[in-house]
Every structure is written in structure tokens, then in C-alpha cells.
Amino acid sequence: MHNLAFDIAHLLAGGLVLISFMMLYQDRLYALLNIFALHAVVLAASVAWQAFIQNAPHLYVTAAIALVFKAIVIPVALHRIIKQLGIHRDIETAVSIGPTMLAGMGLVALSMVLMLRVTGAADPLAREDLAFALSVVLLGLLVMVTRRNAVSQVVGFMSLENGLVLAATGAKGMPLVVEISVAFSILIAFIVIGVFLFRIRERFDTVDVGALDEFRGERR
Amino acid sequence: MTAASDAVAWVLLIPICAAATLAALPGYRLTAGINILASLGTLLAALSLFVIERPQPGQYLLIDDLNIVFIVLNTFVGFTTSVFSASYIAHELETGRLTPGYLRFYHAMYQVMMFGMNLAFVSNNIGLMWVAVEIATLTTVLMVGIYRTHAALEAAWKYFILGSVGIALALFGTILVYMAALPVIGEGLDAMVWTVLISRAATFDPALLNVAFIFLLLGYGTKVGLAPLHAWLPDAHAEGPTPISAVLSGLLLNVALYAVLRFKILLAVNPDAISPGPLMVTMGLTSLLFAAFMLYRRRDIKRLFAYSSIEHMGIIVFAFGMGGPLANFAGLLHMVMHSLTKSGIFYAVGHITQVKGTQRIANIRGLTETHPALGWSLVIGVVAIAGLPPLGIFMSEFLIVSSTFARQPLLAIPLVFGLLLAFGALFLRLTSLAFGEPRGNAAPADASYLPMFAHFALVLTAGIYLPGPLVVWFQHVANLLG
Amino acid sequence: MIPAVAQQIWCVAALLGTTALAIASSRSRRSTALVYGATFAISLVALAGALFSLIARTGATELTLPIGLPWLGSHFRLDALAAFFLVVVNLGAAAASLYGLGYGSHESMPQRILPFFPAFLAGMNLVVLADDAFTYLLCWEFMSLASWALVMAHHREPDNARAGYVYLVMASFGTLALLLAFGLLSGAGGGYGFAAIRSAQHTPSEAALVLALMLLGAGSKAGLVPLHVWLPLAHPAAPSHVSALMSGVMTKVAIYGFIRVVFDLLGPPSWSAGVVVLILGGATAVIGILYALMENDLKRLLAYSTIENIGVIFTSLGLALAFQANGFGLAAALAFTASLFHVLNHSFFKSLLFFGAGAVLTSTGERDMEKLGGLIHRMPLTSFVFLVGCVAISALPPFNGFVSEWLIFQAVLQSPDLPQWVLKIMVPAVGALLALAAALAAACFVKAFGITFLGRARSPAAEAAGEVDRYSLAAMFSLAALCFLAGILPGLVIDALSPVAQAVIGHRMPVQANDAWLSIVPIEESRSSYNGLLVFAFITAAASLAVYFIHRFASRAIRRGPAWGCGFADPTPAAQYSGASFVQPIRRVFGTLVFQAREHVDMPAPGDLRPARFKVDMHDLVWERLYTPLTEAVWFLADRLNQLQFLTIRRYLSLVFATLVTLLLVLAIWS
Amino acid sequence: MVVISDIFVQLGQMALVLLLAPLLTGVVRKIKARLLRRRGPSIFQPYRDLLRLLRKEVVLAENASWLFRVTPYVTFAAIWVAAALVPTFASGLEFNWSADLIAIVALLGSARFFLALAGMDVGTSFGGIGSSREVMIAALAEPAMLLMVFCVALIAGSTQLSTVATFMASSEVGLRVSLGMAMIALIMVALAENARIPVDNPATHLELTMVHEAMILEYSGRHLAMIEFGAFLKLLLYVSLIICVFFPWQITTEGAGPLSYLVSVAAYIFKLAVASLLLAVFETATAKMRVFRVPEFLGAALMLGLLGTLLRFVSRGF
């Protein structure tokens, strides 16, 4: 039983990393959103699984949030934003796909190296989980910094945050997990609203119109 | 005991209740008054913490020697800033940069922010501390964007995005700490309670702690404004209302620093973990040198002092990184002095920008002639921040440099170099601001000098005479910092 | 009976009180008289106290106040060395205050000077009294700060702003150097008390490093080449009585710091230290006076000549170090006493000369010598005292400047006893440099006096000049009298200095007071001796004899006529020799080397009506080779880094990301 | 008793130099004239000139200040005192401990200082030329002189002229390279200081070439007399300085009988005669150099002095 539990958890976590890679690979917006939705679903699954094996019911809430909010609400909202702002569909990347993938590999390797140092005293499940979580976090950051497009950066941030939730739920009996996931969902909501409110089209750092492109502080 | 916990409760309750009421109330005079009163109340509550005996550290709240210093400093500057902001905001209303609606929001947010910071200080729970820091950050984000100009919005946006990434990193670090504690302490809330953690930290898994510390250093370091994570800081200072700039420089940075320190202590307890010193020293020096160079090209007066904040944060982190009783003492002293001085400077700068109607350094000349009070206080402020005697920062810099040179001569060279660079830049600007042919509006300013003078008076006395009890206190804390 | 040091501290407190008074009474018109009167009285009291404890040889007295570094308190100590420098400081202060009583009334914005003047005095007193590193540096930097405020007094001139800026940056550079030195001396434990430092053991490498840092720190304040650049900018920018203090006194405070650390705290020196100091001193002396010669701004000229004198003082300090290191107590005492004597002398005549320059400035509004001239007719008294100052600073008997130079030469002549060949060879060479500097100084002050006071007025302002007020004259005359007295009664001064030498070097010069006819004998009479009094007596006797005989037996008739000038009298004062043309021969000799001076003559062809032009361009190599590149480097880096202000958020995020990954990598590799 | 005699000796010296100074110049001029196949004025001509000048009234430029009128006496006095302190025929003078060799150099310096100022006082361009060139020459001559002093003092272990003289007279000195160099340096300096050819020509009033004469151009009557007298004294001083340092034979030491005094006076006068002959020959043999060659000339003197000072370590004499 325990082995099975371990394997499933492992599988799900690994799946997250894999999906992160798919995100890195994607260069079409809608597809990216769909993949992110998948990411969220898998996260929800793994959280739920954790809830089951740690028999910690409150984690189900987190799973639910992940499922509803991240897998459905946000992607839909972003779809509409893309339509309304008329963001054109394909993402121009700062770094081309190939090197990005390589960098991703490197990051995963790095996180493995770091985490496998951890003494076996910490229970293996947590350990593996952390390794995966760390890689998901790093990959999320990678997405953020390699994509020029606002929406995809939001997506990157959310995947990063998925990694956090994964880690948090992997940690046995960690308090405040639910609160944290809620807080983060709100944060993301803020960002999405911000993107919509300031009608950020292309780059993350230009609010509304070109007039502001000049403004980088003092460049007046 | 009960009285004590009450005091702690007051420190948190007053701001939050005040926030609620202020959100509801209209009218400038009333709200500003309430704001001041609330801040004063919080200050008194914080001061009362000195006299009454400590409560037992609970699962959430904690009062110990380290954080009480921060709390008192925090509430004090919060109070003076509220006084300053009263007169400042009045002017903003006249010029119509702020509408009453936003004003209400402003005051409410101010109190929420104070609440967040106090909470961060008193929290005995790393999770709670994280939440508190984030509350403080988000509120300041909203305040920075309050003018709704493009510049302000973008500054706020930048702050927000970088901040949230910082949040994420800090959280991951927190989780890692919990994971490290898990095998030793067991599941549940205890594994996040600071006092418990510190008592058992020696047996934690070092590898986890190391990774955790890096994430925490970067996460909270983003808010400390360490280069190269500083990007949000200058714009946030420059575009927000000046009271917020004062609070940012004087307080929020300290909050983040406090968090970093907590975890430094945690790591210091564990023998196998990496010593956080070298990391902090490196980042400190980087920030110092970087900011020192950046100071030369500044054209906006508020951004200038924002960068000087980065520089001083670098010095402080450097000092704590060096460790040892002298350096830690110096670091604490430097932190307190910097908060007082820098907020004082921002008070002066706020009035100056209001009366001159510009933040461009090029358009401000000969202040000592047109506005002697403001001009000379600016001079005093810069003299203080540049580390000239007889003001407080001189003492801390003296201790830092001399002790560093005695222990690590090679580290002292870049340190001294950075100090000199920053010095040169600051005075280059000061000479053009305070002296020379007057330029710009010469109308008399209706300013509230009291907070400014209070701060500088404190800094001056500290530079010449530090009261014995305070010193003992600091030394105790310094040893506690290891 | 309160101890001497307490008296001094009280005086300082009174000075600070005067600052408060000045701020309070800044509105009233009488504040000028009030403040300077107060500082004058206080300085006199302090002077009396210091003199007493110097002459009466009261031992060192200490005092600890519960301020400054909390666990240390701030220590003050009044020993012979401190007492001597207190005499220098307060004497200059008293004179400057007296002068200020008159000069200050011409001041356009006194409220920018009055508060800082007493603060400046207090700072200088405190530096000399301080007995722990923290207090010392605090007062040191406070002194710099106050003097900076005084330099910025006339802040509307852009030059002054620049001067103040350069000054303050150099000052804080010096302070940081001192800070490092003290950090090294007091060790990681933070034993900042001078007593602790004195008792601590210092390795040779430490000592060498400390010496280097002291040369940077104290040297930058005293004006050692190449750290002197701020001095000719800042000293002239300040009001004249402040310039006098900065040049005549503050540089001496810097020398005090050097002596205190290198001779007192650092323990027995190594002879190589002497070599370094000797070279620096000699170079400073010659370069300083050459700059002074080329200068046409009176106050800048004086400032540069200060650099020369600092060089002289450091040279003899270097001699003292060399002798001390080899255990030649008497010779060391001789060199050391000579340097102290020169410190005293320079404070006398440099203050006097700056006062004179200030007098000229007030009555003509000109500092540029090329616009002056003929003042000896309109300001006879001022010109007389200025002449005294010039003779004294040119080291001519029977005035005081000569005595100290003479003593230094006597010290130089002790060099063959030294065991190290480097020193054997080098000391006479440095002596040659000193001789050259002295001769050039004479030339320089012939120019200064001749162009400014003699000849015919070169501008209407100089034409309309008038004598200055009584206070200024009183100050100048008292200083001139001191120059003269120290010149003819050097034995008394040397005896007064002996306790200092005794305390610092461990030996003293032989007692002079009971030599016949008050003559001075450094080592023994067969070697050398000098008697200013007799020389003066002889000269006066001879001169009056000549005058008597001539006026008695030969003609005494006088007829005034136009100047002859080889037959054609000059049409206009502009045809006189100007300052620039006066130094042209010397510029030809040294200028090409030191200033890369190039002369361009543009001589029109015969029949061409365009005027002939003569142009000289000279370069300040120190600025061009050292400081300009430095500043350029800083600005270049600032520009490059400034790009980071203008990145996009994505780039900033990448920075964060990069940092994170690097740190993680470091962790992965190392731990 | 000894004191009295010493004082007499001292006064005798002062009187003697005063008397002999013009004569020396007269002799030099006479010899030069003879070398140029002229008869030349009598050797007492300088005395006559002085007396004539003393009798004339002073013509003072309107712009001349008190300094201008004081200077002649000051310079004269300074030089006289300096000259009185150089042992001519007897060492161990009563007062020569009151000023040593360095002081004597400085005394001459102050004389020059005032003269240069006086040159600038009236405000003519000639005075300016004179002063500036004089000052330039002095700026190099004085260090050279001092180096010579160092060299001698380091060897004799004293800057006290009497001591030096007695030491040099004593046998243990021997011939020394450094001494030779010092002597050459001193001679060069002496030529420059006394405005002799090749540095300056005392006889010319050609504006481009003159230095000393240009300075005193405005002087007349008794003032000029004083200055001329000063110049004569200076020449004598330098000559007797060279004599007493490098050829101190037959200089009577203290407490000797009157006869020895007479002998040494005679010896002294003889030495002077030889010196003047040499000087005259040298001056007629060489041509005056351009003003801006002078620095090189004096620079050579400076180098010689320094070299001598340094060489004294290697050459211990024999």
C-alpha cells in the first residue's frame, strides 16, 4: 500500500515537471493556457492524493481551489482577455526554445542534486516531492523570464505557485496550507485583473499605452 | 502576564481597528487626527512592552529582546510619519493630486500597513511572519500607486510583480524550513514556531536549511532592496507619496531585514549548515558598491535617497554578515540610525518637492537661502546619512570599518571604497541642492518641522551619547545575533 | 584646583556655547562683535592654560567623559605634546578672533560664518585633546565639517562650491584612511583607547601599513603632495581669518595627529619609515613652493607656500624618525624640536600673511596680484607687517623662520653618524632640496610683496585702497612681534619645547637658557651656534652707524624727480613687471619639468599692425595624471551601471532568477 | 684681558674689511685694464667714487617708498656684519659664534632680498628685470652655496668658521676630491653672487645683459654709495671666505703675540692680491654668457656641491 501510495505521488509530481517542460516548449498562447489547465488538474490530483494518504481532509479544499480556480476560472479569464485585448496568438520568446529546454534540464538537474543531499531521515516521499517542487518552481521562473508576452508570464508565475503548493502539500501536516493557497489565488487574481485593467498587451512592464514605454524612472 | 499579552494585543489591535474606522470616515482633518492618535496609541503600547514583564512565547506571538527594538523603532517612526503626513497630505489635497476618496483609502492603508509590520515583528511563527510581511508589502504597493499617474502605476506594478516573486521564493524557503523541522519536531504547528525551531535547530538537516536560507535570503532580500533584487525600490520611493517613501525606507526594509536576521540566527545554531555570513557580506558589498555608483547619475531627488537606502541596507547586511559582537552592535545601531535619518530626510524632501513643485535636482538650487529651515535640515540629514560626525551613523560606520579592517583587511578595502564613492555622490548633489544661486519657487513653505527635528535631534544625541541601558540592550541583542 | 585638561574642556564647552549664541543672535547686528569677542577671550584663556602646563611641566592630566563610545567613554588627555599644539591652536585662534572683530564687519552674510567659527575652533582643540580613537576621529571629522561650512560661506561663487566639494571628499578620504589605521592599531577586540594602543605590540608589517595610512590620512589634511590638491582651492575660498586658521593651524593639527600616532602610539620606528617620510617631505617642499611661485592669486600663493612648509616640517620629522630608529637620541631630539619650532613659526607668519592678504582683499576687493601694486603708499602699516611676514617665511635672519631652518640644517649635518648608507647619502640630498626650497621661497615672497605692495597701482581699486581697521592691524602686529621675538630669543622657545621632545623622543636638546648672550647651541659650541639677538644688534648697530656718519658728515639732501628708467619713463603702470613676467626666468628653469610649461610667441612680421602675443600654457600634472583619470573612471562606471535603472521588468526578473540559480549552484558545488 | 684683545681683534677685522674692500675692487679693475693694454684708473679710484657719491644729493623717484630709502643701509649693514664674521687674518673671534657659515649665507640672502624688493619699488621695467633675474640666480646660487657649506661642515664636523679654519689648517685634512669640488662650486657661486663675468658684467648698462646694475638703476648719491660699498664688501667677503676655508695658512689663533698678528695680516693681504690677480685674469679670459645660460652654470655648481657632499663618504683623504 505504502509503496503504491509513494509511486502514485511520485508519478503525479513527475507529471507536473513534465507538463512544465511542455509549457517551456509551447509557443502558441491558447495551447499554453490549455497546458496550464492540465498542470492545474494534475496538481489538484496530487494534492488530493496527498490529502488521501495523509488523511488530512483540509487538503481537499486546496485541491478544490486548484481545480476550480486554476484549471477553469483563470484560463477562461485569460482566454477572454486575449480576445478582448487582441493579443496576437503566438508568443515571441526572448530565448529560443532549444536553449530554454536545455536550461530547463539543467535546472531540474540542479534541484535534484540539491534535494538528494537531504538525509534519508526526512521521509523519502517529502524528499522526492521537494525535488520535483523545486524543479517546477525554477521552471516556472524560467518561463517568466524567457517569455515576452504578459499572459504567458502570468502563466509562468502560476506554474511557479503550483510548485509551491505541491511542496506545501508534500510537507506532512503543514499548517496554513489552505490559507496560503487561498492567499496566492487572490494574488494571482490581482495580477490577472491588473493585466486586464492596465490592458497590458505585449510586455509585462508596460502599463497601457506606449507613452509609458519611455518611463523607466528618470528617463523623462 | 495578562497585562503583557494585552500590550502585545494592543500593538496589533489599535492599527487594525483604526484602519476599519478610517476606511469608514470621511473628512481630512478628522481622519488625519485619528491616524495620528492611532499611531501614538500604538507607540505607547509598544513602549509599555518595556516596562511590563514578558509574556510566555505563544504559538503565534513572541516578544523578545530582538524584536522589541524593532517594534519600538517601527511604531515611533510610524507615529512621526503620521504627523508629517498630516501636513503633507493637506498640501496634496489643495493641489488636487489626491481626492478625498483616495485620502480615506490612504489612511486606512497606512494603518493596515502598520498592522502588518507590527505583526511581522511580534509573530513567533515563520508562516505568520511570512503572511504579515506580505500584507505590509501589498498595502505599500497600493499606496505607491495611489497618485494614479502612469509613472506611479508602473512603479507600483513593477513593485507588485517583483514583490510577488519575492513572496513566492520566501514561501518556498519557509516550507523548506518546515520540512527540515518535520523529522525532528514532528508534524503540526510546532514545526513552525520560532522558539521551538531555535531550540532544536542544531539537529535539523543542514542541506535543507541551506537551500531554505538561500530562498529566504532572496525572497526577503527582494524587500530589503539588496542589489540585484532592488529594482522596485527606487521607483517605488520616487513615485509614491513621500510619507510612504519615508515608511518604505525607514520601516519596511527593516521588516524584511528582521526576517532575514531571524533565519540567520536559525542557521547559525546549526553546526553543519553553511555559515550565512559570506553570503550576506557579498550581497551587502554588492549593494553598497552598486548603489554608490548609481547615486552619481540621479536626477530625481527622491530616487537619489532611495538609492542611498539601498547603499545603507548593504552596509547593514554587511555588518550582520561579518557577525561578532562589535559588528552586530554596529549593524543594529546603523539600522536604527538609518531609519531615523532617512525618514527625517524624506520629511525634508517631501516639503522641498512640494514647495518647489518638482523632484528634479537640476531645478532645485540654493535651498539654504530660499528656505533656510528646510535647506539646513537637508544638509544635516545628508551630513548624517553620509556618516559624518557628530551624528549617529558615524559611530556605527566607525565600528564597522575599524572592526572589519582588524579582522578581514581585504573586505575593508571595497567597503571603504564604496563609502567614499557614496559620500562623493551625495555631497555632489547636496552642494547643488543646498547652495549656489537660488533657483525655483521661493515661496515660504508651510511645513511641519517637528518630526524632522525630532529625528535629527535623536540622531545627534545618539552620535554623541548613547544611554547605558540601551547600549547593554543592544550588546545583549548583538550577542544573541551571534 | 581642577586639572588642566578639565580647564581646556571647559574652554571647548564655552566655544560650543558661543556657537549656540551665534545661532541665537544671528538676527542682531552686534552678533559679530559678540561672537569674535567671546572666541577671543576663550582662546586667550585656553592659551594661558596650555602655556602654563607646557612651561610649568605639569605632568599629563586625564579626563573621561561618559560620552562617545558607550563602553569606552571619551578620554581626554593633556600631555606636553598636546599642550604645545594647544598653544599653537589657541594662539592662532586668538589672533584670528581679534582679526575677525574688524574683518567680520565687512562680511556680507555673517550668519553663514559666525556659528561655524567657534565650532571650528572647538573641533581643533578637541582633536588635540582626544585620547581614544573614536573621540579623535569624531573631533577630526567635526573639524573638517565645520571648516567645510566656512569654506561654503560665500556659496554663490561656483568656484567655492567646487572647492568645498573637493575639500570635503579629500577630508573624508583622509578620515577613512585614519579610520583604517586606528582599526589596525586597536585590533579586532576594539581596544580604542590610546593607552591600550600604546601598550599593545605591533608587528613591523602592521607598523608599516599604519605609517602608510597615516601618511594618507594626516598627509591629505596637512597637504602632502600629491594629496594637496584641495588645499589651494579651499584655503583661499574661506574668509581670510578662516584661511589663516586653516593654513596656519589646521594643517598643524594634522601634523599633531601624525606625531601622535607615528612617534607616540606606534612604538619604536624603523629607519625605512624615516626614508619614506624624508622623500615625501622634500618633494612636497620643492613642488609646493614651485606651484606658489607660478601663482598670481595672493591667497592661493600663500596656500601653496603652506604646502612647502608642511614639506619642511615632514622632512625634519623624517630626520627625527631616522635618528630615533638608530638610537641617536640627541640628534632625534634636535630634529624633532626643529620641526616643532617650524610648526610654531609657520603658524605665526602664515596667519600673519593671510591676515595681510585679507586686509588687501577688504580694502581693494582684489586677490589677483596682477591688479594690485603700490599699496605700500596707501596701506603703510599693513605693508610693513606683511614685509615682516615675508622676511620671516623666507628664512632670513634675524627672524624666526631662519632659526627653525637653521636647526633643521644642523640636524641634517648629523647624518654622517647614521649607519645606513641609504640615509647617509639621502639626507644631504634632501638637505639640498630644503636649501633649494628655501631659496625659491625667498624668490616667491619677493614676488608676493613686490608685485602686491611695491611699484605702481595696476588697477583703480589698488589706486583707491586705504588702511584697514585697528583690530586687524592689532592682530597682525602682535603676530609680527611674535615672529621677531621668536627670531631673536630662540633659546627660550627651544627650552619651552624641551619637555615635548623629552616626552616623545625620550631625549631633549641641551638647555639653552644659560648660554652666554642667549645664543643657541644645538650640540656643542665648537660645532655650531647662532645668536639672533647679537646678529640683530650688529645689523642695527652697523646700519645706524652708517646712517649717522653719512647724515653727519656727507650730504642729506633729497630731490624728488621722475623715475629715470634708462631715460624713458614708462608711460603706464601696465608696463611694469607683472607677476608672470617676474617668475619667467624661474619658469624657464623649472617649469618645463614640473609644469610642462610651453611658451608660444606670436611675433607679427614687420609692418604688420597686429599686436605681438606671448602665451604660456602650464599643466597641473597632479590633477591631470591622478585625479582626472580617477573621476573619469568613476563617471564611466556610473554610466555603465546606470543602464540598470532602465531595464524591463522581465529583465529584472531575469536578474533575480540568475542570482537564485547562481546561489543554488554555489551551494550545489561547495557544500 | 684676553677678552679685551679679542674684542680689539674683532673690531680690527671689521675696520680692516671696510678699508680693504674698495681697494680689492680697484686692484682687480687695474689689473684687468692692464691685461687689456689700458692704463686704467688708479687702484684708489673706488674710494674717490664713493666719496663723490656721498657728497652728491639723492634724486628720488616720485614713486619711491620708505623701503627704497632704507634698503641701502640694510644691505650694507647685513653684508658688513657677514664680512666681519669671516676670519680674515685671525680666527677665534669674539663674536663669530654668534653666527656660523649658514647664518652668513642667510645674511647675504637678506641683503639680496631687500635689494630685489628695492628694484621693484619704483615700478620701472628695468628694476623688474633686474630683480627677477637676480632672484633666479640666487635661487640656484644659494643652494649651491649651502651644499658647499654642508660638504665643508661634514668634513670639518662644524659650521663654525673658526673651527673650520683651524681644522683645515691642521695637517690631518690632506687633499680631498670633495674639497676640490666644493671649492670650485664656491668660486662659481662667488662669481655669480658678485655679478662678475661670465654671469654678469659690472661695467655694462646694456639692458639685455645687466642684472645687478638694472636693480639699482634708480639709485643715486649716498644710497648708491652704500650699495656700491656693499658690493665691494661682498666681493671681499667671498674672497676671504675662500681663503679662510681652503687656504687657512697663517691665520693666527687666539692668544698669540702681536707679531704673529702682523705676519698673518701681511699673509692675508698677499692672498688677496693673488686672488684679485686670478679673478682679473679669469674675467678677461672669458666672455659673458647669455642670461639663460646662467642656470646651467649654477646648476653645475649645485651638482658639484652635491657631488662633493656625497663623495666625502668615499674619499677619506690621504
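## A strand pair across chains

In E1(D), D:Leu60 is the bridge partner of C:Arg560. That bridge belongs to a pairing between E3(C) and strand E1 (residues 58-61) of chain D, which run in the parallel sense over four bridges. Keep in mind that this is a predicted model.

## Where chain C meets chain D

Zooming out to the whole contact between these two chains, 71 residues of chain C are in contact with 73 residues of chain D.

What classes of residue make up the side of chain C that touches chain D? There are 47 nonpolar residues, along with 16 polar and eight charged ones.

## A look at D:Asn96

Over in chain D, D:Asn96 sits in the loop between helix H3 (66-84) and helix H4 (101-121). Is D:Asn96 buried or exposed? D:Asn96 has 24 C-beta neighbours inside 10 Å, so it counts as buried; the cut-off for that is 20 or more.

Who's around it? Leaving out residues up to four places away in sequence, D:Asn96 touches D:Leu85, D:Pro87, D:Leu161 and D:Ser162. As for D:Ala82, it lies 14 residues from D:Asn96 along the chain, and their C-alpha atoms are separated by 9.7 Å.

Conventions. Residues numbered from 1 in each chain as written. Chains lettered and ligands numbered in written order. Predicted model: local features only at pLDDT ≥ 70, side-chain atom pairs only at ≥ 80, totals over all residues. Helix = DSSP H or I, 4+ residues; strand = E, 2+ residues; numbered from the N terminus. Buried ≥ 20, exposed ≤ 12 C-beta atoms within 10 Å, placed from the backbone. Contact = placed C-beta atoms within 7 Å. Nonpolar A, V, L, I, M, F, W, Y, C, P; charged D, E, K, R; others polar. Pairing = 2+ DSSP bridges.
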